[in-house]
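Hello,

Here is the structure we discussed, with the sequence alongside.

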Amino acid sequence: MSFEMWAEKYRPKSLDGMVNQKEIVERLKSFVKARNIPHCIFAGPPGTGKTTGALCLAHDLYGEGYREHLMELNASDERGINVVRETVKTFARTRSIGEIPFKILILDEADNMTDDAQQALRRTMERFTETCRFILICNYSGKIIEPIQSRCAPFRFTYLSREDQYAYLQHVIQKENVKMLDEGLNAIFEVSGGDLRRAVNALQAAASAGKPIDAETVYSVVGRANPADVRNMIGLAMKGDFVGAREKLREMILKYGLAGSDIIRQIHIEIFRFNIPEQWKIRLADTIGEIDFRLVQGADEEVQLSALLARLTEASYEMKRGV
Amino acid sequence: MYAAWTVKHKPRTLAEVVGNEEVIRTLTSWIDSWNKGIPKKRAAFLYGPPGIGKTVAVEALAHDLKMELVEKNASDYRTEEAVQRFAGLASQYATLFGGKRIILLDELDGITGTEDRGGVRAVIETIKTARCPLILIANNAYDPRFSTLRKYCLLIEFKKPTILQVMKHLKKVCASEEIMADERALRLIAERSGRDVRSAINDLQALAQGRRRLAYEDVAWLAERDRKEVIFQVLRSIFYARDCEEAKRAVDAADVDPDMLFQWVYENAPYQLTDPRDLTRAMEALARADVYRGRIRATQNWKLLRYMLDLMTAGVAISRQRTKPSGWVPFRFPERVQWLARTKQEREMQKMIGMKIRRRMHVSSVRAAKEILPYIRVIFEDNAEMAAGIAKWLDLDEDMISYIAGSESQVKAIVKNLGG
């Protein structure tokens, strides 16, 4: 077994190595062939190959020294639009030496930028379009402002099919000499939900115990990696243990750094999966919407979500009384 | 399991008692003098502020001298008849089996009656005929009720221990509870207690129980506690108010910081309002108060403060409709404030590790900390060899390794693999 993160080690280097997103890969290959690319938006859920696609594209376009022609920025890490703008300017201004006259700038998590920041980015993109092509990576292209969208070629990445994930994981399993049982592999499919990065991380963590991997091992690893479980918190609230639920919430926000907006989104999904009367789902959705709105306005995450948890406690109490 | 530390770590012998060495020597030699016949003063009157070890000193003394200690407190000598009930004991020098005894009348401040009547007079009568040492304890020996009583007693004043002495005792408690405590944290606790050892230990327990470390940040918020009594009063008014007016008035009168009060009400609401329907209304009122707080912050329009206050006081007060009274529910410190301090370092550490992962794995540091670090943690716990490889690959320093791996033995195993 090798001792680095497998998710990185087995990241495909070239477009030929990508197992999934066939149509997208074909289009990217045609860019390579034409020795030219437009500005692009890669949108889709996590772990579906957006960053890998961008890196492979650059690799195939420039060859082994591709790093010199490439810059990666992450909108959630770079503080403020001015930093982004200055960095982009310095990088984009100078012409690339070599056969291809432009560089590539990958801007990850671009949907985390404010509208103002995106407006500024749009002007930069226009100004330096001769010398620099942008690949914007995001989960939701809807959060990218219209003027940028209209200047970019859109690519929509989707979750990996079972077959694609299987092929990829088998490759890793063989290379790393992992003893994997069928049930273990199925469990990984289930918990990763088509997110390949999560699948590989779970695989490596499960393999680190050094025993043949069965379903039990996988679930236990994933459970240990996700102690802050929204479902668990809702369960406590619905059981009437508001104080316990609030403690979990506190843990999620303060200890594990989860964003209130992520937590509320998950609660919203879970409510509809719960075995509760239909009219209650809608009543709760209405409450969740109100709380979500307050969060957007900048209210305190724990206080607002606590009010929601209290509402869940009350709801389950009323349901039991048949109201 | 939840034994009070003040009891669990109470000094058993004189050597363990904090401070007042001189005073205790006086007391001991007076007790010794009983061996040479009945001394001039048949009673010793120990006095001084609460929580500094008066009772504990007497108990330890009895233990060291192997004497029987008969402890009585205020309820045992409230009236003349009550005192007479144990006066008989005091009139005998030795116990049935020849052992010696001390009679301790604790909490004398609680005695009723003037000096001519009732309990105090009966105590004086008991002292006059006592054939074994009688020890009285009160906070204030100069209470007018005790003016005659004092004449029959050897007065011994207990003084507050120094900050260093209180800290020394706190350290001992920490050591036996296996808590690594920061010096500054203990100093703050000692200072805040007003050198009241008992209250310092109570605070220590509230802050440190179940933890392995106590840092300064964990206790810094204690500074707020100077105003504990004021806050408790306001909380009582809010949670037990009969109408809006009553709840609002309490806050106007008290002059407490609205943000701090909010934290207190928010923390305590679920304990005070146990009916889920009441609680939902209260939490919603608090959430609405929080919305106003946000508006104030955004617009700097402080006139809106009155609405925030309405909701967090009266709004919570009138939420109590169905909760059945269940006696006295103690108020709790806002844990969230402690949490914020306690988890701050942890969040910073996660961020730094996130940056390391980011350099290698093409993700933002935030996402790295949230989505990749948890799996790395599992690997670090299960496989020291692979962990060492990953640590090298990510260029993690020893602090980071120790944060991720958790247990000390595993950290050692990983570091050993790194060396190889």
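**Contact between the chains**

In this predicted model, 43 residues of chain B are in contact with 46 residues of chain A. On the side of chain B that touches chain A, the elements giving two or more residues are α13 (258-272), α14 (276-299), α16 (335-361), α17 (365-382) and α18 (384-394) of chain B. The largest share, 12 residues, is from α14(B). By type, the residues on that side of chain B are 23 nonpolar, nine polar and 11 charged.

**Nonpolar cores**

The largest nonpolar core has 61 residues, and those with the most contacts inside it include B:Phe45, B:Ile135 and B:Leu170. Helix α3 (residues 54-64) of chain B gives the largest share of this core, six residues. Domain 1 (20-157) and domain 2 (163-225) of chain B each supply at least three residues to this core. Leaving out residues up to four places away in sequence, B:Ile135 touches B:Ala43, B:Ala44, B:Leu46, B:Val58, B:Ile102 and B:Leu104.

There is also a second, separate core of 55 residues; among them are A:Ala307, A:Leu312, B:Leu235 and B:Ala282.

**A helix pair in chain B**

α16(B) and α17(B) pack with their axes 7 Å apart, at an angle of about 95°, which means that α16(B) is roughly perpendicular to α17(B). Residues making the contact include B:Ile353, B:Gly354 and B:Ile357 of α16(B), and B:Ala368, B:Ala369 and B:Ile372 of α17(B). The contact of α16(B) with α17(B) comprises nine nonpolar, three polar and two charged residues.

Regards

Note on methods. Residues are numbered from 1 along each chain as its sequence is written. Chains are lettered from A and ligands numbered from 1 in the order in which they are written. This is a predicted model: local features need pLDDT of at least 70, side-chain atom pairs count only at pLDDT 80 or more; totals for chains, interfaces and linings use all residues. Two residues are in contact if their C-beta atoms, placed from the backbone, lie within 7 Å. Helices (H or I, at least four residues) and strands (E, at least two) are DSSP runs, numbered from the N terminus. Ala, Val, Leu, Ile, Met, Phe, Trp, Tyr, Cys and Pro count as nonpolar, Asp, Glu, Lys and Arg as charged, and the others, Gly among them, as polar. A nonpolar core is a set of buried Ala, Val, Leu, Ile, Met, Phe, Trp, Tyr and Cys residues joined through C-beta atoms within 7 Å. A residue is buried if 20 or more other C-beta atoms lie within 10 Å of its own, exposed if 12 or fewer, and partly exposed in between; C-beta atoms are placed from the backbone. Domain bounds come from an automatic or database domain assignment. Axes are lines fitted to C-alpha atoms, for helices over the stretch in contact, and angles run from 0 to 180 degrees between N-to-C directions. Angles under 35 degrees count as roughly parallel, over 145 as roughly antiparallel, 65 to 115 as roughly perpendicular and the rest as oblique.
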